[in-house]
Amino acid sequence: MTSHQSTQTMKPATAAKKLGVYLEATPADFREGVVSRAELNELQANPPQWLQDLRRNGPHPRPVVAAKLGVSIAGLARGGVTEALTTEQIETLKQESPEWLVRERATQAEVRKEAARVKKKHAERND
């Protein structure tokens, strides 16, 4: 009996998500092909210059923008941020600190605080 293992591949959108980059900003050959698990692992272990630049300067996908601003993805939408932002745009937003950003950061802090309280309560109950 021979064991034949097929190569796992994924769509470029999935690979971009796993790499934490905005798909539309990736090179055309990345967007137009498929990415194998081995290629993804190689990109993560030894990122090429284009990947390093995207991670450093953006544009960044919404989950990364939200994390850098300390808000939720829904908070971004409520603040009117619907497209990818560069690192420079994110830094400008932080400096300007618009009312929606202050409000969403406070909301996010409350959510984290409540999640920690619930986790602690469950831990105490299980001891």
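Two rings of Phe, Tyr or Trp count as an aromatic pair if their centres lie within 6.5 Å, with the six-membered ring standing in for Trp. By this rule, the predicted model comes out with a count of one aromatic pair. A pair of aromatic rings is described by the distance of the centres and the angle of the planes. Here the partners are Phe30 and Trp50, with ring centres 5.4 Å apart and planes at 55°, so the pair is tilted. The label follows because planes under 30 degrees apart count as stacked, those over 60 as edge-to-face, and the rest as tilted. Phe30 sits in helix α2 (residues 28–32) and Trp50 in helix α4, so the pair ties together parts of the chain that are 20 residues apart in sequence. How much of each partner is on show? Phe30 is buried, with a relative accessible area of 8%, while Trp50, at 26%, counts as partly exposed. The cut-off for buried is under 20%, so Phe30 falls below it at 8%.

Helix α4 turns up again around helix α1 (residues 12–19). The buried residues of α1 are Pro12, Ala15, Ala16 and Leu19. They span an arc of only 100° around the axis, and that puts them on the same side of the helix. The cover over these residues includes β1 (9–10), α2, β2 (35–36), α3 (37–45) and α4.

The peptide bond leading from Gly58 into Pro59 is cis, and its omega is near 5°.

Next up is helix α7 (residues 87–96), where Thr87, Ile90 and Leu93 are the buried residues. Their arc around the axis is only 120°, which places them on the same side of α7. What do the buried residues of α7 pack against? Their partners are α4 (49–57), α5 (62–69) and α8 (99–126).

The meeting of α5 and α7 can be described in some detail. The two helices pack at an angle of about 35°, and their axes are 10 Å apart. The crossing of α5 past α7 is right-handed. On the α5 side the contact is made by Val65, Lys68 and Leu69, and on the α7 side by Ile90, Leu93 and Lys94. Sorted by type, the residues of this contact split into four nonpolar, two charged and no polar.

Setting aside neighbours within four places in sequence, Lys94 touches Lys68, Leu69, Leu101 and Arg105. What separates Lys94 from Ala15? The two are 79 residues apart along the chain, and their C-alpha atoms are separated by 29 Å.

Finally, there is the residue that follows α7. That is Ser97, placed in the loop between α7 and α8. Phi of Ser97 is near 45°, a positive value in a residue other than glycine.

Definitions and conventions. Residues numbered from 1 in each chain as written. Predicted model: local features only at pLDDT ≥ 70, side-chain atom pairs only at ≥ 80, totals over all residues. Heavy atoms only, no water. Buried < 20%, exposed > 50% of the residue type's maximum accessible area, 1.4 Å probe, protein only. Helix = DSSP H or I, 4+ residues; strand = E, 2+ residues; numbered from the N terminus. Arc of directions from axis to C-beta. Contact = heavy atoms within 4.5 Å. Axes fitted to C-alpha atoms, helices over the stretch in contact; angles between N-to-C directions. Left-handed = near helix turned anticlockwise from the far one by under 90°. Nonpolar A, V, L, I, M, F, W, Y, C, P; charged D, E, K, R; others polar.
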